[in-house]
Amino acid sequence: MTRLPSRRAARAVLLSAAAVLATASTGVPPGAATAAPPPPGAPAPAVVVTRSAVHPVDEGGTARVDLSVVTPGAVPLAGPVTVTYATEGGSAEAGRDYAPVRGSLVLPAGTPSGASRSVRVTALRDGAAEVAETVTLRLTVRGARGPAEPPLVVVNAHGLPYLDPRLPVRERVADLLGRMSPREKAGQMTQAERGALRAPGDIAGYGLGSLLSGGGSAPTPNTPAAWARMTDAYQLRTRATRLQIPLLYGVDAVHGHNNVAGATIMPHNIGIGAGRDPGLAARTAAVTAKEVRATGVPWSFAPCLCVSRDERWGRAYESFGEDPALVTAMAAVIGGMQGAPDGTDLHRGDKVLTSAKHFVGDGGTAYGSSSTGSYTVDQGVTRVTRAELEAVHLAPFAEAVRRGTGTVMPSYSSLDVLGDGRGPVKMHAHAEMITGVLKGRLGFEGFVVSDWQAIDQLPGDYASDVRTSVTAGLDMIMVPAEYREFVRVLVAEVESGRVPVARVDDAVGRILTQKFRLGLFEKPYADTTHLAAVGSAAHRAVAREAVAASQVLLKNEDAVLPLRASQRVYVAGSNADDLGRQAGGWTISWQGAPGRTTTGTTILEAMRRAAPGADIAYSADASAPIGGYDAGVVVIGESPYAEGQGDVGNGHVLEPAAADLAAVDRVCGAVPCAVLVVSGRPQLLGDRLPAIDALVASWLPGTEGDGVADVLYGRRPFTGRLPVSWPASESQLPLNVGDARYAPLFPYGWGLTTLTPPPAGGAPALRAAERAVRALRAAGRAHTPEARRVVERARLLVQDRIGPRVAGSAAKPFAEADHLLVSGDPVGAVAKLREAYGVAGT
């Protein structure tokens, strides 16, 4: 998901509109009073409020409407307040569907602020299966301001087939779809941003199918409990519709529940890719899902299955890496979040619906091809042959479909398949790829959701945008502000015949299927069973393990790492003690921000915890004296960014800041030093590499800096491997494994280890490794951990032979060996390693 730089004014409107929902967002009644302001100098009046605007009740039950009086300063009432009430209006019939009530309540002078009185409305039984019916409780208030909305009692829908959880989902969908009006169907295809709602009642008034929180869109206070209250308040509004179809709330939980302060923030995807462990990746995803669902959110716009082919892209860290085989392997996160591929686990309180994004090719956009604002790479054009499209960019999505991803989000980018004569086609309009390939050939059964305001980028007027995107195969449109206009236009397009009814029915059926699988019809509100687990020690332990696995040791001359707990260590650099810079973009806010934006441990804090008795000094710019220290650790890198705003050439470069480089020079010129690069993509160190004793790619580790300290101090070995090629200069970009010309500073798959010496044996050991993997393949065990361990030993042997300076002749087969291993070909991997060994040092 994204924000468009051309929509800054719209963003400001959304943020100011969020105040309209502030009371509903925090669980305070959305029916808070409104009235003309008192005359200047007059005291603020008391207000009569309702606990909620909507009061659902089952047939035969009694709804209790609580009316509370609130005074400025919480003082007792200065005078009496009278509330006259009567059940008048609504779709329910008095005497048949409910017992009418009429009367008045008096709160005398001196009544404490917050005191409540109740009105009860009883729903009558008639035995018939029915849709929901409403009863309006009209209030007349004297002596105070009244609620902004009259309370609404809703007799719940009952007895209808779609409400029967014993029926197969397909039967429930068919029954519900057959009862829906064109406007109700259009509403289900609409997703609005919470801050864009013009009135809380619009959720029911327009029958909205979905709400989302964009990056940084959160309740006040931003706590897990407030999130649960907020989503419940929105969900309550759907009870006022006749069919009571629940909302599907979505968030960008791309590395943990990253909008929520105090949640567990995982390493970004590039770090997860460096860990090379699909099982661990799935565990991090399971933790994220558990925290997301506990706050009442059943849908995450993740994972990003883009294959990053150019590190100048501002979304590079959202990718697991440059190798489609690696990205495909990491699609295991879908199982961690959703559970079983058939969706049978989605009803659980620890699982969420996933969204594989961004279909297809957004990681391959060419530098300089973007036409969005000042972006240089993001939302540009991906120019590929048909074969490259299939092998590189489409392969991870095929795996996502196999794993049962519930939704897919198209890319903002355009796709230009060379030789087809069509030129660039915006993915949100690409019917061949969305309907023909994704839904047709790949058999995707979930629904396709647009990206943020993405259909506005299509050529033509708004009606054309709606028509083109829906007929191309989009099922739900993230409007996110113009939801009223979208519903109106879509209904008009269907009525005119320009959008086929069958296409709309297919879209709505796909959306409803996921809502039924999620169990939202039975349990629309937050299941807070796991709310206390958000940000828990157990969850942070998983993140810490993932952080340690993500650290890639690129160089380690004279065994500078691991550090000893007894050493005096001098720490410097801008990213050593800054949680926000350590977590990167998509953390609490869309772009992220420096500073202590959430709960966690910085790398410096973690080092001091790992060696509590050691003298660990810190000087961000290395201006403090360095003499007398045994070793230096300089933590440098990037400041937070997200999407196209982080594109190189759009205010960003691949070189660390001058102050960081100066700190490297000072520290590494004085003591044995390790340089940690905390970034979302490789950074260029120029000619400083010879002066750096140890170099670590720390990526963006998230909130658990202890995972970095674990490998720095030898509690865990370094095991991470580069998920992308580390270029020697920007002029080499784009640079990827498999390129005909390939001479990086460090190749894809490079990563030293600690705590165990490299294997010995030379060429004979490699020949033995090849015989071993051939035997495993012959026994049908090529994809076993045993085969991977054989290749790993061979890789470490070859890496030791190559040494700290990787020649291009060895880099190419070395990188290709890692690609083959991830692809499931250990025999080919060892053959490539033997080739690299043979040319190493030549």
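Me: In which strand does histidine 358 lie?

Reply: Histidine 358 lies in strand β14, where a strand is a DSSP run of E with at least two residues, a helix is a run of H or I with at least four, and both are numbered from the N terminus. The model is predicted, and in it local features need pLDDT of at least 70 and side-chain atom pairs count only at pLDDT 80 or more, while totals for chains, interfaces and linings use all residues. Residues are numbered from 1 along each chain as its sequence is written, and side-chain values use heavy atoms, with hydrogens and water left out.

Me: What kind of peptide bond joins lysine 357 and histidine 358?

Reply: The bond between lysine 357 and histidine 358 is cis, with omega at about -5 degrees. A cis bond also leads from valine 479 to proline 480, with omega near -20 degrees, and proline 480 belongs to the loop between β20 and α14 (483–495).

Me: How do you know that β14 and β16 pair?

Reply: Two strands count as paired if DSSP finds at least two bridges between them, and β14 and strand β16 (residues 407–410) have four bridges, in the parallel sense. Serine 355 stands opposite threonine 407 of β16, and alanine 356 has valine 408 as its bridge partner in β16. The pairing of β16 with β19 is also parallel and rests on two bridges, with threonine 407 opposite phenylalanine 447 of β19.

Me: Why are β13 and β20 said to stand at the edges?

Reply: In the open sheet of five strands, the order is β13-β12-β11-β10-β20, with parallel pairing. Each of β13 (299–300) and β20 (477–478) has a single partner strand, so one side of each is without a neighbour in the sheet. For β20, two bridges join it to strand β10 (residues 190–193), the two running parallel, and glutamine 191 stands opposite methionine 478 of β20.

Me: Why is serine 679 called buried?

Reply: Serine 679 has a relative accessibility of 1%, and therefore counts as buried. Serine 679 sits in the loop between β25 (673–678) and β26 (694–697), and it touches Glu638, Trp699 and Leu700, not counting residues up to four places away in sequence, where contact means heavy atoms within 4.5 Å.

Me: Which residue's backbone oxygen lies 2.6 Å from a polar atom of the side chain of serine 679?

Reply: The backbone oxygen belongs to arginine 681, and it lies 2.6 Å from that side-chain atom of serine 679. A polar contact is a pair of N or O atoms within 3.5 Å; within protein, one must be able to donate a hydrogen and the other to accept it, and residues adjacent in sequence count only if both atoms are side-chain atoms.

Me: Why are α23 and α24 called roughly antiparallel?

Reply: Helix α23 (residues 808–822) and helix α24 (residues 826–839) pack at about 165 degrees, with their axes 8 Å apart, the axes being lines fitted to C-alpha atoms over the stretch in contact and the angles running from 0 to 180 degrees between N-to-C directions. Angles under 35 degrees count as roughly parallel, over 145 as roughly antiparallel, 65 to 115 as roughly perpendicular and the rest as oblique, and α23 and α24 are therefore roughly antiparallel. Among the residues making the contact are Phe814 and Leu821 of α23 and Leu833 and Val839 of α24.

Me: What makes α21 roughly antiparallel to α24?

Reply: The axes of helix α21 (residues 762–778) and α24 come within 9 Å and cross at roughly 170 degrees, which makes α21 roughly antiparallel to α24.

Me: Why is leucine 755 called partly exposed?

Reply: Leucine 755 counts as partly exposed because its relative accessibility is 48%. Leucine 755 is in the loop between α20 (706–712) and α21, and its phi is near 80 degrees, a positive value in a residue other than glycine.

Notes. Buried < 20%, exposed > 50% of the residue type's maximum accessible area, 1.4 Å probe, protein only.
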